[in-house]
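Here's a friendly walk through a protein model for someone meeting it for the first time. Have a look at the sequence and the fold, then read on.

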Amino acid sequence: MPSSSPSCISRVQGPVQAILRPGQWCFGVRAIRQGIERWQVMGTVEDLVTQVVAAVEQFQQGNPEKGLANSRKVRVTKKRATAESGFVRIENYTQVSEWLDVLELHITTINPSDEPMLSVYAKSFSSGAFPTVLPCAPLLNIACCWFPFSDGGPANSLNKQRLEELRSKLSEHLSIELKKH
């Protein structure tokens, strides 16, 4: 059975590459390697962050074949929740080469009254052209940030599929409405 955890080298290099995100540096080519959605969610920031973490755990509970689109190694690397805002970063690695795509949720409270409403800016993006299993991958990706590569094209964008899959999973427990950009 394939592992649902990234390799040791990817566990070290992945977070560095997720923060640097050289695959998003060049304005002209970054659009072909990202997906963006805006959601309106009924609930609190804490509820949403808890459900995201639970969804990622379900994707990985001994079922790496059921990970997010073409990601067999998925993990939450950063989460923060306050009454007014929240943030979640999810690292998505492919099974063998461990190319890293990052999914981030930026959460803000719209209506903190009796029926809390959240605005979520969800972005999934390719972090670089080289997989994190290669030694010095973040440096290689910095040197080649201008290199045009795609995450599957407009019709088959893996980053857009990941956003749709996460939204679908979260919709089992929360009321989520997809908004226009």
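Before we get to the sheet, one term: two strands count as paired if DSSP finds at least two bridges between them. Also keep in mind that what you're looking at is a predicted model.

**The overall layout**

The chain's secondary structure comes to five helices and six strands. If you read along the sequence, they turn up in the pattern α-α-β-α-β-β-β-β-α-α-β. Of the 181 residues in the chain, 44% are buried. Take the contacts with a separation of 6 or more: 68% of them are between residues 24 or more positions apart.

**The sheet**

In what order do the six strands sit in the open sheet? The order is β2-β3-β4-β5-β1-β6, and the pairing is antiparallel. At the edges you'll find β2 (73–81) and β6 (175–179), each of which pairs on one side only. Neighbouring strands in this sheet are turned by 20° against each other on average, if you ignore direction.

Now zoom in on β5, which covers residues 117–126. This strand runs antiparallel to β4, and 10 bridges join the two. Among the residue pairs here, Leu 105 stands opposite Ala 122 in β5, and Val 102 stands opposite Phe 125 in β5. β5 also pairs with β1, again in the antiparallel sense, over nine bridges. There, Arg 38 has Tyr 121 of β5 as its bridge partner.

Why is β5 described as largely enclosed by the rest of the structure? Because eight of its 10 residues are buried, where buried means under 20% relative accessible area.

As for side chains, in a regular strand they alternate between the two faces of the sheet.

**Helices on the sheet**

Back to the antiparallel pair of β4 and β5, with its 10 bridges. Helix α3 (residues 45–60) packs on the sheet and touches β2, β3 (85–93), β4 and β5. The direction of α3 makes about 165° with that of β2. Helix α5 packs on the sheet as well, touching β1 (34–42), β3, β4, β5 and β6. The direction of α5 makes about 15° with that of β1.

**Empty spaces**

Rolling a probe the size of a water molecule over the atoms shows where empty space is left.

| Space | Volume | Lining by class |
|---|---|---|
| Largest pocket | about 180 Å³ | five nonpolar, six polar, three charged residues |
| Largest cavity | about 30 Å³ | three nonpolar, three polar, one charged residues |

Which of its 14 lining residues are closest to the centre? They are Trp 99, Asp 101, Ser 126, Ser 150 and Asp 151. Two elements, β4 (100–111) and α5 (158–170), each supply at least two residues of that lining.

The structure holds one cavity of 30 Å³ or more. The residues lining the largest cavity are Gln 51, Ala 54, Ala 55, Gln 58, Lys 169, Leu 170 and His 173. Both α3 and α5 supply at least two residues each to this lining, and the largest share, four residues, comes from α3.

**A few residues to look up**

Asn 141 is found in helix α4 (residues 137–143). Is Asn 141 buried or exposed? With a relative accessible area of 2%, Asn 141 is buried, because anything under 20% counts as buried. Leaving out residues up to four places away in sequence, Asn 141 touches Gln 17, Pro 22, Gly 128, Ala 129 and Phe 130.

Next, two residues with a backbone angle to check. Arg 21 lies in the loop between α1 (8–20) and α2 (27–30). Its phi is near 45°, a positive value in a residue other than glycine. Cys 136 has its place in the loop between β5 and α4. The phi of Cys 136 is near 65°, again a positive value in a residue other than glycine. Cys 136 is partly exposed, with a relative accessible area of 45%.

Methods
Residues are numbered from 1 along each chain as its sequence is written. This is a predicted model: local features need pLDDT of at least 70, side-chain atom pairs count only at pLDDT 80 or more; totals for chains, interfaces and linings use all residues. Side-chain values use heavy atoms; hydrogens and water are left out. On a 1 Å grid over the protein atoms alone, a cavity is a set of points where a 1.4 Å probe fits but cannot get out, and a pocket is an open set with protein on both sides within 12 Å along at least five of seven lines; lining residues have an atom within 4 Å of a point. Grid points are joined across faces, edges and corners, and a volume is the space filled by probe spheres set on the points. Ala, Val, Leu, Ile, Met, Phe, Trp, Tyr, Cys and Pro count as nonpolar, Asp, Glu, Lys and Arg as charged, and the others, Gly among them, as polar. Axes are lines fitted to C-alpha atoms, for helices over the stretch in contact, and angles run from 0 to 180 degrees between N-to-C directions. Contact means heavy atoms within 4.5 Å. Buried means under 20% relative accessible area, exposed over 50%, partly exposed in between (1.4 Å probe, protein chains only).
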